[in-house]
Amino acid sequence: MPRPPGMSVRTRLTLSYAGFLMLAGVLLLAVVWVFLLRYVPEDVRYGQAAIPGSGGMQPSTFIPNRGDLQRAFAPKAAAMLAVLLVVGLLGGWLLAGRMLAPLTRISQATRLAAGGSLSHRVRLPGRNDEFRELADGFDAMLARIEGHVAEQRRFAANASHELRTPLAITQALLDVARTDPTADTGELLERLHAVNARAIALTEALLLLSRAEHGALPSEEVDLSLLAEEAAETLLPLAEARGVTIETAGDVSPAIGSPALLLQLTTNLLHNAVVHNLPAGGAVWVTTTGGARHATLTVENTGEQVAPELVATLTEPFQRATTRIRTDDAGVGLGLAIVASIVAVHGGSLAVTPRPGGGLTVVVRLPTSPPRAPR
């Protein structure tokens with residue numbers, strides 16, 4: 001919106017300071033006039049007066065009247081007002097510049113943010129006051145905007161990564177149907193329907209995850225043992241194609257959270273365990289355990305030895321423990337990063353440790369009651 005040019009805030013503050021200073025000077029002169037000069041007689045004559053120490057009556061000295069005092073006082077008062085005006089303008093200009101310096105820094109940060117530099121912060125030093133509160137609020141706003149932008153980028157990467165799994169399973173089923181004319185068409189259609197439904201649920205889950213980091217999750221009771229069985233059944237064709245066996249065990253393990261996100265968490269863990277495994281004869285063990293305060297999901301797999309210092313980085317995006325044996329359904333290293341995000345949203349904990357014989361042990365603990373809302 002175009003605006004006509006106007007007087008700067010610094011100029012207006014300077015004129016305000018000078019105006020108030022001049023007003024104070026005028027009021028002071030008015031006080032002098034009202035309470036002093038008005039009591040001086042208009043006419044004072046020469047006469048006899050008793051002068052102390054003279055021993056009698058002597059001619060009195062000249063006594064000024066009100067007009068004399070006014071003629072003597074007026075030039076000095078005008079000069080004083082002129083000095084006050086100059087001091088008010090100069091001092092007001094300096095004081096206004098000093099007071100408005102924080103706004104200059106905030107304006108510079110605003111222009112940088114408008115140009116795309118969201119990492120810049122004002123970080124205004126000094127004690128807390130209105131300007132510091134404004135700067136801190138602006139920094140918090142920039143941090144939130146930067147987080148939103150980063151989240152959108154992560155969401156795009158996560159979505160492209162996660163949608164590879166159902167598409168790869170669909171491709172495997174279609175390849176089986178094409179190479180085996182005697183395959184049961186009805187069973188193939190049922191599996192394709194299930195995979196397609198999972199892809200739709202996955203898309204909704206990713207959208208839910210994107211919103212969940214800035215809001216509340218639906219609190220429903222979810223049995224982790226049923227999620228483990230469902231994920232194992234979904235990934236069974238991929239595991240058979242790689243020569244990996246999946247074993248599930250455990251009791252009923254109720255937890256509180258989003259069924260779609262927790263299913264995605266379990267599927268991601270099993271998918272990583274199948275993909276990062278031995279070339280042949282590998283195994284994956286899934287165990288669920290219930291508790292009074294937490295439900296535990298444990299996923300172990302065979303595979304190559306993983307260095308402990310590398311394990312600490314596996315929950316970061318695009319990190320892999322080992323080089324995958326096959327290139328099909330390879331992904332881009334976001335599986336555990338998404339798992340870590342889902343666990344954090346649910347207020348749980350994630351522990352990744354190397355197995356002594358090779359492979360990894362992943363332990364997820366989820367609360368059995370809704371987590372507290374973030375402050």
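**View 1. Strands β8 and β9 pair in the antiparallel sense over 6 bridges.** Strand β8 covers residues 349-354, and strand β9 covers residues 360-367. Look for Pro 354, whose bridge partner in β9 is Leu 360. Strands here are DSSP runs (E, at least two residues), helices are runs of H or I of at least four residues, and both are numbered from the N terminus. Two strands count as paired if DSSP finds at least two bridges between them. The model is predicted, so local features need pLDDT of at least 70 and side-chain atom pairs count only at pLDDT 80 or more, while totals for chains, interfaces and linings use all residues. Residues are numbered from 1 along each chain as its sequence is written, and side-chain values use heavy atoms, leaving out hydrogens and water.

**View 2. β6 and β7 form a hairpin with 4 residues between them.** Strand β6 (residues 282-289) and strand β7 (residues 294-301) are antiparallel, with 6 bridges. Thr 288 has Leu 297 of β7 as its bridge partner. β6 also runs parallel to strand β4 (residues 244-250), to which 7 bridges join it. In that pairing, Thr 248 meets its bridge partner Val 286 in β6.

**View 3. Five strands make an open sheet with mixed pairing, in the order β4-β6-β7-β9-β8.** β4 and β8 are the edge strands, each pairing on one side only. On average, neighbouring strands are turned by 10° against each other, direction ignored. Helix α6 packs on this sheet and touches β4, β6, β7 and β9, its direction making about 170° with that of β4. Helix α7 also packs on the sheet, touching β4, β6, β7 and β9, and its direction makes about 20° with that of β7. Axes are lines fitted to C-alpha atoms, for helices over the stretch in contact, and angles run from 0 to 180 degrees between N-to-C directions. Contact means heavy atoms within 4.5 Å.

**View 4. Helices α6 (residues 224-242) and α7 (residues 259-275) pack at an angle of about 30°, with axes 9 Å apart.** That angle makes α6 roughly parallel to α7 (under 35 degrees; over 145 is roughly antiparallel, 65 to 115 roughly perpendicular, and the rest oblique). Among the contact residues are Leu 227, Leu 235 and Arg 242 of α6, and Leu 263, His 271 and Val 275 of α7. By class, the contact has 13 nonpolar, 3 polar and 2 charged residues. Ala, Val, Leu, Ile, Met, Phe, Trp, Tyr, Cys and Pro count as nonpolar, Asp, Glu, Lys and Arg as charged, and the others, Gly among them, as polar.
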